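Subject: Structure handover

Dear colleague,

Please find the structure below. My notes on it follow.

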Amino acid sequence: MRDKLPPEPPGSEVTPEKLYLRRREFIKNAGLFAGTAAVVGGGLYLLGMKRTRPMDGFVPDAGVVEQPVAPAQGVFVTDEPRTPYEDITTYNNFYEFGLDKNDPARRAHTLKTRPWTVVIDGEVHKPWTVDVDQLISAFPLEERVYRMRCVEAWSMVIPWLGLPLGKLLDRVQPTSFAKYVAFTTLEDPEQMPGQKSPVLDWPYVEGLRLDEAQHPLTLLATGLYGKQLPPQNGAPLRLVVPWKYGFKGIKSIVRITLTREQPPTTWNLANKREYGFYANVNPAVDHPRWSQASERRIGEGSRRPTLPFNGYADAVAGLYRGMDLKRDF
C-alpha cells in the first residue's frame, strides 16, 4: 500500500520561529496592520489558522502586454493545469506590504512602477543604468509556464512573461572575476509600508551563482497570463528560478550587481539554519520544522509529492555535481 503523504504544516510552522514571535508582537502593537479586520485576519493566520483560498472577489487590473511574445516550448512549459490568475495575484508572500497572504493584493497599489530605473553594475565591462521599459524592449519577451514551489510547502503553476536573465548578462559582459549575481529590491517605506517594520532587514536582497543566473531557465519576469506584472507579484521586474524555493524570486528589482564573493541573502541572514543560500527544491531535505516531501497545490484539495529540483532535475542537476545537497541547501 502506498505510504500516506505527511500532513500540511500548520500556519504557525511556515515562518521561522524568531520571526513568528516578532510578528505577534507587531500585531499586538498594530505597527504593521491597519484596522480591526486586518489585525484579526493577520492574527488568525499567525496563530495557525490555515488560509486555503485566496481573497474572494478581487481581480486586479493589469495592462495587456503589446510586445510580441515567443510561446513557451520544451522544458520551458509544463502541461500541468495553470493556477488561475486570481489565485496567483491574491495569494502571495511580499512582506514589503504585509505578513498575510492577502496583504500584497490589498496594499500594493501604493507601489509606483513607472518611472523605474534598474542599475546593472559590479564586475561587468558595460555597466548599464536603464529605464525598465527600455530594458524590456531591448529583448524579445518569452512565455514560460513554470511550477513554483514555496518553501512553506504550497505550489502553483504560473505562465510568466519575461526575458532570460542570461541575455541581459551577455549584454553587460561579466568580467572574469564575476562569480555571483546579487539582486536588490526597492527600499521605500512610503511605497512599501511593510518596510517600516523590522520583521526583516531591508532592503530585500538575493543572489545566485553566475552559472545559475546564466541558465536558460532563469527568467526576469515582466508579466503573467499575457498581462503586465501586477505590483503584488513584484512589478515591474522580478526574478524567477523555477528549481528553487519561491523566496529566491526577489521582487521589484532596482539593482543587479555582479560580484566576486557570495552575496548576502535576506532569509539566510534571518535564519541560516533554516534558509540556505542555494534553496534548491529538495524533498529529501526537510525544513527543520516541517517536511518538504509533499506540497499543497493551490486550487487542489489534496497533497502531491514534491519533485527534486521542482521537476527540473534533468535540466539543472548538473550545476550541482559533486556538491553535498544536504549540507549546501
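The UniProt annotation "binding site", from an unreviewed entry, covers Asn 92, Tyr 95, Glu 96, Cys 150, Thr 185, Asn 233, Arg 238, Gly 249, Ile 250 and Lys 251. UniProt positions follow the numbering used here, feature names are shortened, and annotations may be inferred rather than shown by experiment. This is a predicted model, in which local features need pLDDT of at least 70 and side-chain atom pairs count only at pLDDT 80 or more, while totals for chains, interfaces and linings use all residues. Residues are numbered from 1 along each chain as its sequence is written, and side-chain values use heavy atoms, with hydrogens and water left out.

Two of the annotated residues

Asn 92 sits in the loop between helix H3 (85-90) and helix H4 (103-107); helices (H or I, at least four residues) and strands (E, at least two) are DSSP runs numbered from the N terminus. Asn 92 counts as buried because its relative accessibility is 8%, where buried means under 20% relative accessible area, exposed over 50% and partly exposed in between (1.4 Å probe, protein chains only). Leaving aside neighbours within four places in sequence, its contacts (heavy atoms within 4.5 Å) are Asp 100, Lys 101, Pro 104, Gln 232 and Asn 233.

Asn 233 is in the loop between strand E9 (227-228) and strand E10 (238-240), and is buried at a relative accessible area of 2%.

Core

The largest nonpolar core has 80 residues; such a core is a set of buried Ala, Val, Leu, Ile, Met, Phe, Trp, Tyr and Cys residues joined through side-chain atoms within 4.5 Å. Strand E5 (residues 154-164) gives the most to this core, with six residues. Trp 160 is one of the residues with the most contacts inside the core. Among the residues that Trp 160 touches beyond four places in sequence are Leu 219, Leu 224, Arg 238 and Val 240.

Pocket

The largest pocket has a volume of about 260 Å³. A pocket is an open set of points on a 1 Å grid over the protein atoms alone, where a 1.4 Å probe fits, with protein on both sides within 12 Å along at least five of seven lines; lining residues have an atom within 4 Å of a point. Points are joined across faces, edges and corners, and the volume is the space filled by probe spheres set on them. Of the 22 lining residues, Tyr 245, Ala 279, Asn 280, Val 285 and Phe 329 are closest to the centre of the largest pocket.

Regards
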